[in-house]
Amino acid sequence: MGIKSVGITVTEHLLRQQRETPRATGAFTMLFNELVVAAKLIHRELNKAGLNDIYGFTGETNVYGEKVQKLDDYAHRTLIRRLTQAGQLCAIASEEDADVIEIPAEVPRGPYILLMDPLDGSSNIDVNVSVGTIFSIYRRKKETGPVTLDEVLQKGSQQVAAGYFIYGSSTMLVYSTGQGVHGFTLHPAIGEFFLSHENITMPARGRIFSVNEGNYCYWDEGVRRYVDHLKSPEVHRGGPYTARYIGSLVSDFHRNLLKGGIFMYPADRKDPKKPHGKLRLLFEAAPMAFVAEQAGGAATDGSRRILDLEPETLHDRVPLFVGSREDVEEARRFVSGQEPAS
Ligand code: P6P
């Protein structure tokens, strides 16, 4: 993209990328524009959440047995409604639904599959902490016919696009289609996302680590030694890293994307039903890994590259170490036991 493009809208940005993509039909641009509309609607509801009865719970529980926040449900339904009418999808999978949502045959369909976490970090809504929508877009493997589960269970390296909306002090979109990572900020009075962070690159090494140390006693030895290392006075001769943990993946990831550092959700022995940690491969780890790598960072499960992992089920959980590539590599050495005990 030649001329300095800070300040263009996300639609203009998409159209420029479309013009530079051989055989592009505009289907992806149409799909993405509906994703943006859905995010604007979610932004609006979130910003008045304290003023109507949209706080709190629906009384239902999701596939993970977690209580469903009313705003979770609103975000889920809004995304499905808007993305379905885009006419470019053949299937949607949501962290909030146990099974793949197939687009009805009578609705215009397309070659894309959307995977989403409609409102990640929603347990923070009632205490006014930033939350986000995480999305991942794949192309189906077959040309026609009903979508099969194996078409949805693709490796993260097959993503056509991935990114997130973060509803914070401002609402931002950060996304990549494999041509770098770009950030757009919503101008609420105009209702447009304007390019504000072109070609985001993550520092090779940071000085921030993000992890829930409340799980320390449940971690494996290598993870404990790594976190102890980051807190020790001599680490990298610069003294201890800074601890920053919001408890909202999109917020913790976004800060580290811009400033450098590492986010971890290691496997832990806290819940025998979740031996691989809490985060979901398809709905959280893979899209964040795609963005991180496109920004020059890295993402592993402690040893393997996240984008190489073959999903076995729609709701696979996976340990996640994501952020500055030198930090992620150092974590891998500790977790694998290659780093000598100090
Ligand atoms: P914990 C939010 O529920 C979430 O899925 C991520 O956004 C966040 O990083 C993580 O869980 C926080 O989990 O166990 O530290 O509260």
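How many residue pairs are in polar contact between domain 1 and domain 2?

What we have here is a predicted model, where local features need pLDDT of at least 70, side-chain atom pairs count only at pLDDT 80 or more, and totals for chains, interfaces and linings use all residues. Residues are numbered from 1 along each chain as its sequence is written, and side-chain values use heavy atoms, with hydrogens and water left out.

Now, the two domains. The domain assignment, automatic or from a database, gives domain 1 as 10–199 and domain 2 as 208–336. Their centres, taken over C-alpha atoms, are 23 Å apart.

On to where they meet. Contact here means heavy atoms within 4.5 Å, and 47 residues of domain 1 touch 33 residues of domain 2. Together the domains bury about 2900 Å², with 64% of it on carbon and sulfur atoms; buried area is the accessible area (1.4 Å probe) that two parts lose on being put together, summed over both.

Back to my opening question: the count is 11 residue pairs, both at pLDDT 80 or more. A polar contact is a pair of N or O atoms within 3.5 Å; within protein, one must be able to donate a hydrogen and the other to accept it, and residues adjacent in sequence count only if both atoms are side-chain atoms.

On the side of domain 1 that touches domain 2, the elements giving two or more residues include strand S5 (112–120) and strand S6 (131–139). Strands are DSSP runs of E, at least two residues long, numbered from the N terminus.

The rule also finds 1 salt bridge across this interface, meaning a side-chain nitrogen of Lys or Arg within 4 Å of a carboxyl oxygen of Asp or Glu. Have a look at glutamate 95 and arginine 280, whose side chains meet in a salt bridge at 3.5 Å, N to O.

Finally, the sheets. Two strands pair if DSSP finds at least two bridges between them. S9 runs antiparallel to S10, joined by 5 bridges, and phenylalanine 184 stands opposite leucine 195 in S10.

Another open sheet, also mixed, has 5 strands ordered S12-S11-S13-S15-S14. S12 and S14 each have a single partner strand, so one side of each is left without a neighbour in the sheet.

Key:
Helices (H or I, at least four residues) and strands (E, at least two) are DSSP runs, numbered from the N terminus.
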